[in-house]
Amino acid sequence: MEAYRSFAQVYDIFMDNIPYKEWCNYVIGILKEYGIIEGLIVELGCGTGNITEYLAKEGYDMIGIDNSMDMLEVAAEKREKSGLDILYLLQDMREFELYGTVRAAISICDSMNYILEYQDLVKVFSLVNNYLDPGGIFIFDCNTEYKYQELLADNVIAENREEGSFIWENFYDKEECINEYDLTLFIPEGKQYTKYVETHYQRCYTIEELKAAIKEAGMELLHIYHAFTKEPLKEDSERVYIVAKECGKKKGEKEDDNR
């Protein structure tokens, strides 16, 4: 099923603990290291557009891609209020299409973990490589094995607010490396609460699998970071940031040119 349908309505309310500004500043710092201080950037799995909006305010020309119409509707409402020139596309990351190449691609908030098959991950990386300018940069994050096995595991998370309530029942299959969470939402509608149920799946990729997928897609791996630092991955890292570079198009791929 399509993820984030009912949850899109209250996503920003329950995710207000995420320091988007700090996350964006970290990404911008990496972009600037490679001389990307302006230009066209695509964000894969942009959701409600929090990061997209921030980067647009910093002067980047942004394209946001997501496969949830509900999330993009929220993003479009933000765009209308801010007046920023952002292009949102309803597309599957595994088959996304752009009009030309971009200087960089980013994917934050563990969107890549939603790609459940390794070969599909390679498809995403290959498309990124194809749509990057020569030497363009790809920055993405992933949840780690430590987070799935030790923190999420088979736990239940619940939160109750005036704006709505949720129950997150988590199950992690170590053999299949698949994390499932059943999300039950109670959203106020008038004087009553309406119950919604969603089931989400994520895959835990090992560092070796991520390295292999990057290589198979034709990109060059530049860095593997403990999230929000320039330090190497640690045993208790909850999130990993990976930086890769366009390294020539694979045979049969035609490089687009948006200049």
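## Rings, cores and hairpins

Let's start with some rings: Tyr20, Trp23, Tyr26, Phe228 and Tyr241 are linked into a cluster by ring pairs. Keep in mind that you're looking at a predicted model.

**Aromatic pairs**

- Searching the whole structure turns up 11 aromatic pairs.
- One of them joins Phe125 and Phe140, a tilted pair with 5.1 Å centre to centre and 40 degrees between the planes.
- Phe125 sits in helix H5 and Phe140 in strand E5, so this pair ties together parts that are 15 residues apart in sequence.
- Tyr148 and Tyr172 make a stacked pair, with 5.6 Å centre to centre and 10 degrees between the planes.
- Here the partners come from helix H6 (residues 145-152) for Tyr148 and strand E7 for Tyr172, so the pair ties together parts that are 24 residues apart in sequence.
- Tyr148 is buried with a relative accessible area of 0%, and Tyr172 counts as buried at 10%, because the cut-off for buried is under 20%.

**Nonpolar cores**

- The largest nonpolar core has 33 residues, and the members that touch the most others are Leu44, Leu98, Met112, Phe125, Val128, Phe138 and Phe140.
- Several elements each supply at least two residues of this core, among them strand E1 (39-44), helix H5 (118-131), strand E5 (132-143) and helix H7 (207-216).
- Which element gives the most to this core? That's H5, with eight residues.
- Leaving aside residues up to four places away in sequence, the contacts of Leu44 include Ile65, Met93, Phe96, Ile106, Met112, Val124 and Val128.
- There's also a second, separate core of 32 residues, and its members include Trp23, Leu31, Tyr54 and Tyr88.

- Strand E7 (residues 164-173) pairs with strand E8 (residues 178-189) in the antiparallel sense, over nine bridges.
- In this pairing, Asp173 stands opposite Ile178 in E8.
- Four residues lie between E7 and E8 in their hairpin, where Cys177 takes a positive phi near 60 degrees.
- E8 also runs antiparallel to strand E9 (residues 192-203), and 12 bridges join the two.
- Across from Tyr181 you'll find His200 in E9.
- How many residues lie between E8 and E9 in their hairpin? There are two, and Gly190 in the turn has a positive phi of about 75 degrees.

Key: Residues are numbered from 1 along each chain as its sequence is written. This is a predicted model: local features need pLDDT of at least 70, side-chain atom pairs count only at pLDDT 80 or more; totals for chains, interfaces and linings use all residues. Side-chain values use heavy atoms; hydrogens and water are left out. Two strands pair if DSSP finds at least two bridges between them. A nonpolar core is a set of buried Ala, Val, Leu, Ile, Met, Phe, Trp, Tyr and Cys residues joined through side-chain atoms within 4.5 Å. Buried means under 20% relative accessible area, exposed over 50%, partly exposed in between (1.4 Å probe, protein chains only). Contact means heavy atoms within 4.5 Å. Rings of Phe, Tyr and Trp (its six-membered ring) pair if their centres lie within 6.5 Å; planes under 30 degrees apart count as stacked, over 60 as edge-to-face and the rest as tilted.
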